[in-house]
Amino acid sequence: MSYLDIILVNAHQARTSKLIALTTGMTAPLGITYIASYLRKHGFNVKILDNDIEQFDGNQFKHYINSNKPRCVAISSLTNSINNAFLLAAVVKTVDPDIPVVFGGAHATSLPEQSLLDQAVDVVVRGEGEETMLELLDALIHHRPLTQIVGITYKDHGQACKNPDREYIKDIDRIPFPAYDLLPMNRYYLNSTRRLTNRKIGVILTGRGCPYRCTFCSRLFKTNVRLRSPENVIKEIKFLIKEYGVGEIHFLDDTFTFDKDRAIAICRLIRRNNLDIIWNCNSRVEHASDELYSELYSAGCRELFYGAESGSQHILDSLKKGISLAQTEKAVQLCKKHKMLVYCSFVYGSPEETKETLAETLAFARKLNPDFVVFCMLIPFPGTALFQEAVKRGFIDLRNVEWDQYMNLMSTDPPPVNMSVLSNEELIAWSKKAFRELYFNPRYVIKSIKRISSFTQVYELARGFMAVLSHQIWQFKSKVKG
Ligand code: B12
Ligand code: SF4
């Protein structure tokens, strides 16, 4: 019988996952898909299970592992899905305790020793996974010691052993494109509120790392920025168009416009190659310029996403965001001038937040009048500077944390940790007010109705609305139960 070397699993998100999927949609899990292609290139036999899509329960997963008989199972999770990752790991061990279970991704990278406290987890790969997983898999399959493999923390006779960090891959052009063929590509989608066209959507990462140090952000690839060449990016766009009929692309880079010349070079190549795509990307407000924005627009960019974060300069500075309110205003105006949609995200409830700063944020958001706006309650995710502060100041007790609650989707949900001087009730009341004022005003409603161009969009909006409603009912019931 031929054995499968490894199954890479994307652990499903906590119960809110259904809500996410219904209100926003689901895109390909690039991390494990990159690792899959890297391992395959080196001769390993690989499968991917995206459990955000499959939603296998314990029994179904057991059956899946039993029928595939992998030599190793490697599980990816964020903080919100770590408990489900532990459940899946336990199932693997019930099938065969000798199958090594490896964890990776944002959460395990930030808390490797804590993740290893779970009985079913054998090894944690910290940070960038391609090279480490390749060496690790080879060692696990050939029963070699793990002492020399940099970038892992592993269990040895019940003790956590931390090997040194691995250096990041310098030339990321040499990493093969994600193994899209191992994913259920036709099951990924984004709802009408999240997409720009009715075309098929693809996601691409054109660089790794972010040089900024915002205190609420967990940067897995650290400050060390590595960018793919424009030619390499264009190749992947062509591949997605040809193989998967993709017509709309979402660039997932933390800041696509970090290197202006490279961003412009990508735009020019898109035009020169007549690539028929509409796209969006994340940007920073201080990168705004007429030159850049006119290049972005001519190459099909129709939306920019800015982390505006706050309407208070004091809060922006305390979060180490490194931008000014004036820069945000200028960027939003320029973006509108160049006929691209403006998406602004704000965080609220940070340690320095007060009623006054919240009022400033709401006034600022109103003044900016973006096409889309989100207000996210600040959550100190593992891997962030605020998380360290929260642990130090006793807001988080690592022996007793409900990771499933680490989610900032609904404005009515209380935050798992509140580091501000305001009460949960005050924060929730503000966020409800902010959503009401920005979403339920005639200007926004008319804009949204104008955007609806098909029956599918009406259906999706209704589905999202029902999901939100059912979440509210669940929340109410939980409160009543006590
Ligand atoms: C796209 C995205 C999403 C998408 C899809 C996520 C997905 N399926 O991948 C959606 C919209 C669903 C999403 C949701 C959320 N996200 Co998100 N998301 C991202 C984003 C922008 C890109 C992810 C990506 O594709 N990266 C590129 C790939 C190549 O990197 P990677 O996934 O990290 O994988 C590499 C390594 O981590 C490692 N690795 C990863 N998994 C594994 C597994 C194994 C076994 C091994 C060996 C290695 C390994 O190797 C990979 C290749 O080098 C990142 C920011 C970022 N720059 O990464 C945030 C980010 C991952 N999200 C974050 C957060 C907070 C969330 C939410 C909690 C937000 C919320 N609403 O509350 C939810 C929770 C979702 C969940 N699963 O629990 C945080 C994670 C913080 C944390 N500690 O969990 C990030 C880092 C943003 C940030 N800067 O803070 N997200
Ligand atoms: S919030 Fe954006 S700019 Fe700030 S560190 Fe994170 S990715 Fe970088």
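This is a predicted model: local features need pLDDT of at least 70, side-chain atom pairs count only at pLDDT 80 or more; totals for chains, interfaces and linings use all residues.
The protein chain has 482 residues, of which 42% count as buried. Its secondary structure comprises 18 helices and 17 strands. Contacts between residues at least 6 apart in sequence were also examined, and 76% of them join residues that are at least 24 apart.

One element of the fold is an open sheet of 7 strands, in which the pairing is mixed and the order is S3-S1-S4-S5-S6-S7-S8. Strand S3 (46-50) and strand S8 (159-162) form the edges, each pairing on one side only. On average, neighbouring strands of this sheet are turned by 20° against each other, with direction ignored. Strand S1 (residues 4-10) runs parallel to S3, and 5 bridges join the two strands. Within this pair, Leu8 stands opposite Ile48 in S3.

Two helices were found in contact with this part of the sheet. Helix H2 (residues 30-41) packs on the sheet and touches S1, S3 and strand S4 (70-76). The direction of H2 makes about 170° with that of S3. Helix H4 (residues 58-68) lies across S1, S3 and S4, and runs at about 140° to S4.

The shell around ligand 2 consists of Cys210, Tyr212, Arg213, Cys214, Cys217, Arg219, Asp254, Thr255 and Gly307. By class, this shell contains 4 nonpolar, 2 polar and 3 charged residues.

Definitions and conventions:
Residues are numbered from 1 along each chain as its sequence is written. Chains are lettered from A and ligands numbered from 1 in the order in which they are written. A residue is near a molecule or strand if its C-beta atom, placed from the backbone, lies within 6 Å of it. Ala, Val, Leu, Ile, Met, Phe, Trp, Tyr, Cys and Pro count as nonpolar, Asp, Glu, Lys and Arg as charged, and the others, Gly among them, as polar. Two strands pair if DSSP finds at least two bridges between them. Helices (H or I, at least four residues) and strands (E, at least two) are DSSP runs, numbered from the N terminus. Axes are lines fitted to C-alpha atoms, for helices over the stretch in contact, and angles run from 0 to 180 degrees between N-to-C directions. Two residues are in contact if their C-beta atoms, placed from the backbone, lie within 7 Å. A residue is buried if 20 or more other C-beta atoms lie within 10 Å of its own, exposed if 12 or fewer, and partly exposed in between; C-beta atoms are placed from the backbone.
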